[in-house]
Amino acid sequence: MSTASNAKNLENAAIVIGVLAIATAAYFIFATEGNAYRMTNWIISAAFLVYVLYNFINARALKEKIEVLTSEKTALQGELSSVKSELAATNTALEESRAAHQTAQDQIASLQQQMASMQQQLDALSNGNE
């Protein structure tokens, strides 16, 4: 957050210096008598230098931010890739578990049918012995 506040402070300083330079140049052009153009040129030149320095500093800060964000993006893409592969493996395991569960359910149904059939045979045998 300090980078954002530093950038904001720098921007405010550049704006204040620009406004003061324009006001001072306007004063020398319109409110003074004689040849004040040389002083006006110096003031405008200094204001332009401040503007160029501000843009240089701001551009460098933005490039650093871009580099940081790019490295974070790369790290997040790697993490996303590993999470996707884990998800695919989990889905495969889930499908295998579902298939095994279905096989077990089919075996249970088959054994229940066999048990019912054997129960009927046992009942028939016990009724035949009586």
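1. Helices here are DSSP runs of H or I with at least four residues, strands are runs of E with at least two, and both are numbered from the N terminus. By that rule the protein has two helices and zero strands. Helix H1 covers residues 2-31, and helix H2 covers residues 37-129.

2. The model is predicted: local features need pLDDT of at least 70, side-chain atom pairs count only at pLDDT 80 or more, and totals for chains, interfaces and linings use all residues. Residues are numbered from 1 along each chain as its sequence is written, and side-chain values use heavy atoms, with hydrogens and water left out.

3. On overall shape, the C-alpha atoms fill a box of roughly 140 × 25 × 20 Å along the principal axes. The radius of gyration is 42 Å, whereas a compact globule of 130 residues would have one near 14 Å. This radius is taken over C-alpha atoms, and the globule rule is 2.2 Å times the number of residues to the power 0.38.

4. Buried residues make up 6% of the 130 residues. Buried means under 20% relative accessible area, exposed means over 50%, and partly exposed lies in between (1.4 Å probe, protein chains only).

5. Glu-95 and Arg-98 form a salt bridge through their side chains, at 3.2 Å from N to O. The term requires a side-chain nitrogen of Lys or Arg within 4 Å of a carboxyl oxygen of Asp or Glu, and the count by this rule is one. The two residues are three apart in helix H2, so about one helical turn separates them. Glu-95 is partly exposed, because its relative accessibility is 46%.

6. How many aromatic pairs does a search of the whole structure find? The search finds one. In this pair, Phe-48 and Tyr-51 have ring centres 6.3 Å apart and planes at 35°, so the pair is tilted. The rule asks for centres within 6.5 Å between rings of Phe, Tyr and Trp (its six-membered ring); planes under 30 degrees apart count as stacked, over 60 as edge-to-face, and the rest as tilted. Phe-48 and Tyr-51 are also three residues apart in helix H2, and therefore separated by about one helical turn. Phe-48 is exposed at 54% relative accessibility, while Tyr-51 is partly exposed at 48%.

7. Phe-30 sits in helix H1 and counts as exposed because its relative accessible area is 71%. Its C-alpha is 18 Å from that of Gly-18, a residue 12 positions away in sequence.
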